[in-house]
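Please look through the sequence and the model below before reading on.

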Amino acid sequence: MPEMNIGDFLVYLYDLLGWLLGVIGLHSSAVSLLQKLVAGFVLANFAMLTPIFTIWLERKVAARFQDRLGPNRVGPFGLFQSFADIVKLVIKEDITPVGADKVIFNIGPVLAVMSVVGIWAVIPFASTMVGTDINVGILYSVAVGAIGTLAIMMGGWASNNKYALLGAFRTVSQLVSYEVPMIVALLVPTLLAGSMRMNDIVAEQQVWFIVAAPLAMMVFLVSSIAEVGRAPFDLLEAESEIVAGFHVEYTGMKFGVWMLAEFVHAFTISALAAVVFLGGWRGPLVDQYPLLGAIYFLTKTYVVYMVLLWIRVTLPRVRIDHMNALNWKFLVPLSLAVLVVTALVGKAVPADVSAGGRALVLFLSNVALAVVSISLLAGFSRKLQAVEQVSIDSSGAGG
Amino acid sequence: MAHEWLFVGLFLIIGIGFPVIPLVLSRIVAPRKPHALKHQTYECGMETVGDTWVQFKAQYYIFSLVFVIFDVEIVFLFPWAVAYRQLPFFAVLEGVLFILILAGGLVYAWRKGALDWV
């Protein structure tokens, strides 16, 4: 047997499975189909079961932020709280409201989970450890993620509830709007790596793309928080305005499946950010031990997840017109500007400059762009404040 | 190539199957005691007035129109971004020009007041 390192171990297992199935006498195409099924099953298990941990983490960390203890009764440090919640949700009665469109009502949550879990098919854990490395990875992740919008619209529409319908309308407006800066922000790493394949993008990051494209990463993070629909962009749920938005009529495990979709989505977005901007599985000694890459990747993912959590517990919910204005009047122009600047500066730098030098030049151009856009924004808001001040003064004089 | 997409297809089917398992489990385990009041539409205790699927003015409908334009154009930018390294400077400039035309559309919508809360 040739010497085998840890990274190839999974490949070895995969081949072993294929060999075993071949021995039983299956046709080779059936063998490869079964191999893919097993691999997909394991991957989907990972994506689906992570929330059991991240929900606990989220509640615990959010509690600490808010000077509370968080779950601490079920198991050590409340670690088994999520299991208790799952059992509770499963044994709750499932209620479908009168007049609901039953088929669509039931498809909604399932489709929401499918859309976010589907993204994991292209996310590389390590150079040898990726579901499938299709050549349009980034575009695929955006396309599959967009199905979630449809799922929410289905759930909200089929519930036969006005609040749910309002929530669904808001959702479509928000998710559809924030898709534009998100995709444009993803164009920047595509342009830098010259490929849409996830593994190529990771391999190209001798210097992490967060250095060469910090603004693109910022735009991506903000717009993907909006895509997930958590605070400060949780207008689609908005407990105090439209009770719970699109899932107000969902009870029991169906509600649990919506929650599952949201938590998987948040984790998926962190993973995408880690892959595209933070160098994915890159780290010291990865060349010798590819499996080490999975540890680096997961560490980076959790770091991004913590940042999302931090933003979530810190900022209050934005108003809906501010939400739209932030997207169309700030993030979209900014993301287009980042794309143009990156394209022009990237070509202006001579080809024989090292990767580090190129990243540095791009970083400086990003800083310049940030200064320009912030000063523009400051001028704009000063003008707005002056107008408001005038209107306050005049109303005060009249009354 | 086809094999890669086969995995995607299988994976999406698994992705559908996974959330169905707890739903089916819940259907088996959970109690079912239907009651007319329980199945009413939830509106914080109020009785629902009229049909749910009413027509109302969504102030943000215009955004979806702007979005359609942007989304279609962005698809054209992906091949440009992938080919960026092989492109001569002139071709990159053409891509930039394309983005600027797109930005022109945004400015037009902005000046027309399409991006404001109407």
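Two residues are taken to be in contact if their C-beta atoms, placed from the backbone, lie within 7 Å. The structure is a predicted model, in which local features need pLDDT of at least 70 and side-chain atom pairs count only at pLDDT 80 or more, while totals for chains, interfaces and linings use all residues. Residues are numbered from 1 along each chain as its sequence is written, and chains are lettered from A and ligands numbered from 1 in the order in which they are written.

The contact between the chains draws 57 residues from chain B and 65 residues from chain A. On the side of chain B that touches chain A, the elements giving two or more residues are α1 (2–29), α2 (61–83) and α3 (89–111) of chain B, where helices (H or I, at least four residues) and strands (E, at least two) are DSSP runs numbered from the N terminus. Of these, α1(B) gives the most, with 21 residues. Chain B as a whole has 3 helices and 0 strands. The residues on that side of chain B divide into 41 nonpolar, 9 polar and 7 charged, with Ala, Val, Leu, Ile, Met, Phe, Trp, Tyr, Cys and Pro counted as nonpolar, Asp, Glu, Lys and Arg as charged, and the others, Gly among them, as polar.

Within chain A, the axes of helix α5 (residues 137–158) and helix α6 (residues 162–193) come within 9 Å and cross at roughly 175°; axes are lines fitted to C-alpha atoms, for helices over the stretch in contact, and angles run from 0 to 180 degrees between N-to-C directions. That crossing makes α5(A) roughly antiparallel to α6(A), a term used for angles over 145 degrees. The residues of the contact of α5(A) with α6(A) divide into 14 nonpolar, 5 polar and 1 charged.

W281(A) is placed in the loop between α11 (252–276) and α12 (292–314) of chain A, and W281(A) counts as buried because 28 C-beta neighbours lie inside 10 Å, the term buried requiring 20 or more other C-beta atoms within 10 Å of the residue's own, with C-beta atoms placed from the backbone. Leaving aside residues up to four places away in sequence, W281(A) touches several residues, among them P124(A), F125(A), V202(A), Y296(A) and F297(A).

Methods: Angles under 35 degrees count as roughly parallel, over 145 as roughly antiparallel, 65 to 115 as roughly perpendicular and the rest as oblique. A residue is buried if 20 or more other C-beta atoms lie within 10 Å of its own, exposed if 12 or fewer, and partly exposed in between; C-beta atoms are placed from the backbone.
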